[in-house]
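Please read them beside the coordinates.

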Amino acid sequence: MLFAAGAIALAALPYAGVPPFTITLLTEAFIFAIWAMSLDLLVGYTGLVTFGHAAAFGLGSYAAGYFAREVTADFFAALLVAEAIVVGLAVTIGFVVTRVSGVAFAIISLAIAQVLFQIAIAWRPVTEGMDGLVGVPLPKIAGFTIDAGAEFYLLTIATLVLVYLGLSRLVASSFGRTLQAIRTNEERAAAIGINVRLHKWIAFTVSWGVAGIGGTLMVFMKAGTTPMSLHWSESGNVLVMAIFGGVGTLFGPMIGAVAFVFLRDEFTTRFEAWQLAFGLVFVVVVLAFPSGLAGIFARAWRALWPTRS
Amino acid sequence: MDLNFLFVSMLNGVVYGAFLLLTSLGLSLVFGLGRVVNFAHGALYALGGYALLAVIRGAGVGYWPALLLAPLLVVPIAIAIERTTIHPIRHRSDIYTLLVTFGISFVIIGAIEYVWGTGTTLLKPPQPFVSTVDIFGNQYPLYRLVAAGVSLLVSAGVFAVIQLTPVGLRIRAITDDPGMAEALGVNTKWLLTLVFGCAAGLAAFAGALGAPIFAIHPEMGMSILLDSFLAVILGGLGNLPGSAIGAFVVALTKSIGGGYIADWSTAVLFGVVAIALIFRPTGVFGRGRVA
């Protein structure tokens with residue numbers, strides 16, 4: 001109920017006098033929220049920290065953007081093509097990278113994302129190199145063009161809600177609980193007969209698939225993309241969002257993504273030192289509040305109403 | 001393609017490899033000792049370049065004394081960083097140090113941009129190495145060769161310290177078996193602090209030494225950080241001779257491959273490293289630690 005009310009309230013914002021610039025920031029924040037939630041399935045629920053999650057997002061952007069420009073601007077067609085490519089690659093990559101975990105997984109995923117980044121630079125006939133993909137048209141749904149601004153914002157919210165509902169089902173299912181068992185203790189999970197590698201493989205694929213949805217929305221929002229969308233610093237950014245917000249919950253990464261976008265906007269317009277300030281906050285969060293903003297809110301909530309569990 | 005082009009590419013590769021060697025040794029040592037994957041290594045490299053600028057402009061000294069002073073300024077900063085952020089979370093899983101050093105990298109680069117701005121500074125090669133030398137008809141900048149030579153000498157010094165001194169013996173003991181080393185009375189925690197500081201000093205030295213070649217800007221450490229990772233992984237994490245070979249493999253692949261297949265060479269390099277790490281997590285030479 002609370003969730004539905006919240007979603008409706010957010011959807012009403014463009015019609016309640018909220019300035020277009022804020023709506024643009026919110027759209028970006030909600031796209032990042034989808035991406036950060038997909039990352040959390042790996043980091044928070046399965047215990048696999050990846051430094052290459054930009055690969056899934058950026059690849060989704062390139063695939064959807066290229067298809068929309070060359071074939072048809074239909075949103076669902078572009079999404080389907082992007083998903084086919086992202087999920088197809090995730091199945092292949094996931095099969096090999098799930099052999100390892102911990103630091104090795106983090107670095108291998110980084111290396112794989114950098115391969116895609118370099119390909120995006122080198123494969124000029126398709127990706128247009130460093131210039132990036134430009135001229136992606138506005139998306140169409142059932143023949144109607146989704147305008148930038150309020151209409152696209154609504155599309156983003158609808159996608160976010162669907163992704164959230166789907167992922168919350170998934171993490172509450174027996175599959176999701178198994179993932180958490182693997183995160184807590186991989187050896188023990190294997191000892192009681194869980195096929196650890198298969199579960200990691202599926203989680204990896206789902207995570208990439210969801211990130212690809214975010215990438216598809218992003219390429220339509222920005223009307224294009226550049227190789228930087230695949231760069232490891234982007235992978236770092238989404239990791240910052242998820243951890244800042246609080247991994248192991250779905251709300252945490254959403255809060256983290258919104259906080260990230262708005263803080264970045266605030267810091268870069270008011271102070272010179274966006275990286276400095278955000279880096280400090282991030283270090284403090286990792287050191288002192290491993291459960292992130294969501295954890296701080298939960299603690300404050302319990303302190304205010306101790307009787308409610 | 002013509003042989004001369006290949007030769008110059010190789011020469012550039014060797015020069016870059018000498019720099020990678022300095023940064024890779026530090027990364028590899030810190031990982032071997034404390035299983036700390038230091039994402040801030042590139043930022044410390046950049047800090048070395050800026051420390052050099054600050055000393056030259058602030059103290060009014062020439063390039064050479066500044067080159068010696070700059071790393072000495074970075075070492076205490078790095079030690080402070082280790083004591084305040086990495087030391088307190090040593091008991092947590094390895095992945096936390098990776099996240100914290102990533103955040104620290106943000107902080108250092110942000111601080112650099114705040115203090116010195118986001119611009120690029122080009123430094124002239126220092127006296128008396130401003131000229132070029134003639135190698136088989138190519139005019140090659142003399143300073144590059146000198147800097148590569150200095151890098152190799154310093155790296156040899158690091159190897160000597162690790163192999164021949166009592167401190168080096170303790171470092172090797174911890175890399176082999178931290179539990180046993182500690183049981184025998186080696187203070188692993190302080191040694192990690194010390195080595196982290198010295199590794200940062202090496203990175204800073206490389207940043208300062210490379211300033212007249214690669215230019216100084218806040219993000220200058222990012223690509224060398226990734227290349228050092230590649231080198232260290234190829235050689236096997238914590239395996240110093242492996243890292244040394246890895247550094248030259250990465251540098252030569254980039255410079256020679258870059259001349260023939262342009263940006264594809266780096267894609268191939270990352271692909272090879274990913275595959276190597278999956279199937280030989282102990283490095284190509286099989287002597288490193290499993291990450």
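Axes are lines fitted to C-alpha atoms, for helices over the stretch in contact, and angles run from 0 to 180 degrees between N-to-C directions. Helices are DSSP runs (H or I, at least four residues), numbered from the N terminus.

1. Basis. This is a predicted model, where local features need pLDDT of at least 70, side-chain atom pairs count only at pLDDT 80 or more, and totals for chains, interfaces and linings use all residues. Residues are numbered from 1 along each chain as its sequence is written, chains are lettered from A in the order in which they are written, and side-chain values use heavy atoms, without hydrogens or water.

2. α10 and α11 of chain B. Helix α10(B) (residues 240–261) packs on helix α11(B) (residues 264–279) at about 140°, the axes 7 Å apart. That makes the pair oblique; the classes are roughly parallel under 35 degrees, roughly antiparallel over 145, roughly perpendicular from 65 to 115, and oblique for the rest. In contact (heavy atoms within 4.5 Å) are, among others, B:G257 and B:G258 of α10(B) with B:W264 of α11(B) among the residues they and their neighbours meet. The contact has four nonpolar, five polar and one charged residues. Here Ala, Val, Leu, Ile, Met, Phe, Trp, Tyr, Cys and Pro count as nonpolar, Asp, Glu, Lys and Arg as charged, and the others, Gly among them, as polar.

3. α1 and α5 of chain B. Helix α1(B) (residues 3–34) and helix α5(B) (residues 142–164) pack at about 30°, with axes 9 Å apart. They are therefore roughly parallel. Their crossing is left-handed (the near helix is turned anticlockwise from the far one by less than a right angle; clockwise is right-handed). Contact residues include B:F19 and B:L22 of α1(B) and B:L152 and B:F159 of α5(B). By class there are 16 nonpolar, three polar and one charged.

4. Between the chains. 38 residues of chain B touch 39 of chain A. The buried area is about 3,600 Å², 83% of it from carbon and sulfur atoms; this is accessible area (1.4 Å probe) lost on being put together, summed over both parts. Helix α13(A) (residues 274–288) packs on helix α4(B) (residues 94–116) at about 160°, axes 7 Å apart. The two are therefore roughly antiparallel.

5. Salt bridges. A:E28 pairs with A:K222 at 3.5 Å. A:E28 lies in α2(A) and A:K222 in α10(A), so the pair ties together parts 194 residues apart in sequence.

Definitions and conventions
Buried area = accessible area lost by both parts, 1.4 Å probe. Salt bridge = Lys/Arg side-chain N within 4 Å of Asp/Glu carboxyl O.
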